[in-house]
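Take a look at it, then read on.

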Amino acid sequence: MQNFEFLNPTRIIFGEGREGQVGEWTAKYGKKVLLHYGGGSIKKSGLYDKIVESLKSSNVDFIELGGVQPNPRLALAQRGIELARAEKVDFVLAVGGGSTIDSAKAISIGVPYSGNVWDFYAGKAQAQAALPIGVVLTIPAAGSESSNSSVITNEDGMLKYGLNTDVFVPKFAILNPELTFTLPAYQTAAGATDMLAHVMERYFTNTTNVDLSDKLCEALMKSITKNAPNAIAEPENYDARAEVMWCGTLAHNNLVGMGRVGDWASHAIEHELSALFDIAHGAGLAIIFPAWMKYVYKHDIQRFCQFAVNVFGVEHNFAYPEKSALEGIERLELFFKKIGMPTHLTEANLPDVEANIRLMAKKAASRGSLGQFVKLDAEAIEKIYHIAL
Ligand code: NZQ
Ligand code: ZN
């Protein structure tokens, strides 16, 4: 195990009806709030009205900016920054999923910065300050509610870049599993895939002697693969929704990544797909992760064997461990299929995807090689896209 520091300061406020306390929690941090949300699901579900009522009853003054789209765009965040400055906003409340939260995070660091907020994502500046943020989560997936990341797409070049900084980690996140009852099966499945991927990115490591975090990872992966199908079959099954929701947060608050080096190549390879084709991030991962595994598993057959046996209950073939390793990858693909995710590029209806493989690989490697488990250059990334076809 390597040296580490762990601090995750987000207060998780979990359970039925907890969104009714959003005004109370917001009032502890801000006087003038920017209420930020997506394309309208919160209005349809009635959540918007509940949030407004709670803010008003705590005498919190607010303005709003909706319209965040999945794979959130820089232009809307820039509009939010201008609006927040003009209205002297001192707190950003994100009500929605990873896209809304990530856009809120961009606004939070953009307001106190005199340059273009994209500078932070492009690695040209380091964020020193941020407006405080709160979250009411409506889709368990990205883990952005307590992560130190934000992923934004710059329409100029369709560059989808992630930024990690502790300054915009949310102060609180309200997680009521009931708010996820309205999620379509596809979004539930994409969310489950993303959280599974967050664990796998950390699980496939070259760091040795990480027994506890291996077991925590395996427990998370087993809980996700057990409960996500139940949440899809019975959208109003509170217990299944609650398990999935808590898994999503724990998969990405970095607890299970402590003391070990994660890989993260599959995420970067996927980000090129969702940047170019606007596919849901989770669906892109269901395609890319198995392809990545097929490309790298020989690097550490033992670890892939452990994954197969401990997560999917594959029998350990001691004579031919490679067989167990490959069966684990197959079971993962079967799980994705079972929950309705595509596992190949050709299933995802992406126009001219094959013709764009070289471009995506080039873009993915444009800031250096990807991955830690196995280092990947543009040529290797291209091969992975081809395996994914
Ligand atoms: O926009 P609305 O109308 O709200 O609809 C959303 C959206 O269409 C809908 N939805 C959300 N909650 C709902 C609902 N529909 C019905 N009922 C509900 N309760 O779901 C759709 C997807 O929402 P989105 O916020 O895009 O989903 P997700 O949480 O998966 O976020 C994806 C984004 O997060 C980034 C991804 O790359 C992608 O851009 N990520 C962010 C990370 C982070 N900040 O730590 C890490 C991740 O690896 C990921 O890269
Ligand atoms: Zn992800």
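R331 counts as partly exposed because its relative accessibility is 28% (buried is under 20% relative accessible area, exposed over 50%, partly exposed in between, with a 1.4 Å probe and protein chains only). This is a predicted model, where local features need pLDDT of at least 70, side-chain atom pairs count only at pLDDT 80 or more, and totals for chains, interfaces and linings use all residues. Residues are numbered from 1 along each chain as its sequence is written, chains are lettered from A and ligands numbered from 1 in the order in which they are written, and side-chain values use heavy atoms, leaving out hydrogens and water.

**Salt bridges**
- R331 pairs up with E327 in a salt bridge, the closest N and O atoms being 3.2 Å apart (a side-chain nitrogen of Lys or Arg within 4 Å of a carboxyl oxygen of Asp or Glu).
- Both R331 and E327 sit in helix α13 (residues 321-338), 4 residues apart, or about one turn of the helix (helices are DSSP runs of H or I, at least four residues, and strands are runs of E, at least two, numbered from the N terminus).
- E327 is partly exposed too, at 33% relative accessibility.
- R260 and D214 form another salt bridge, with their closest N and O atoms 2.8 Å apart.
- That pair links distant parts of the chain, with R260 in the loop between α9 (238-250) and α10 and D214 in helix α8 (residues 211-233), 46 residues apart.

**Burial**
- R260 is buried at 7% relative accessibility, and D214 is buried at 6%.
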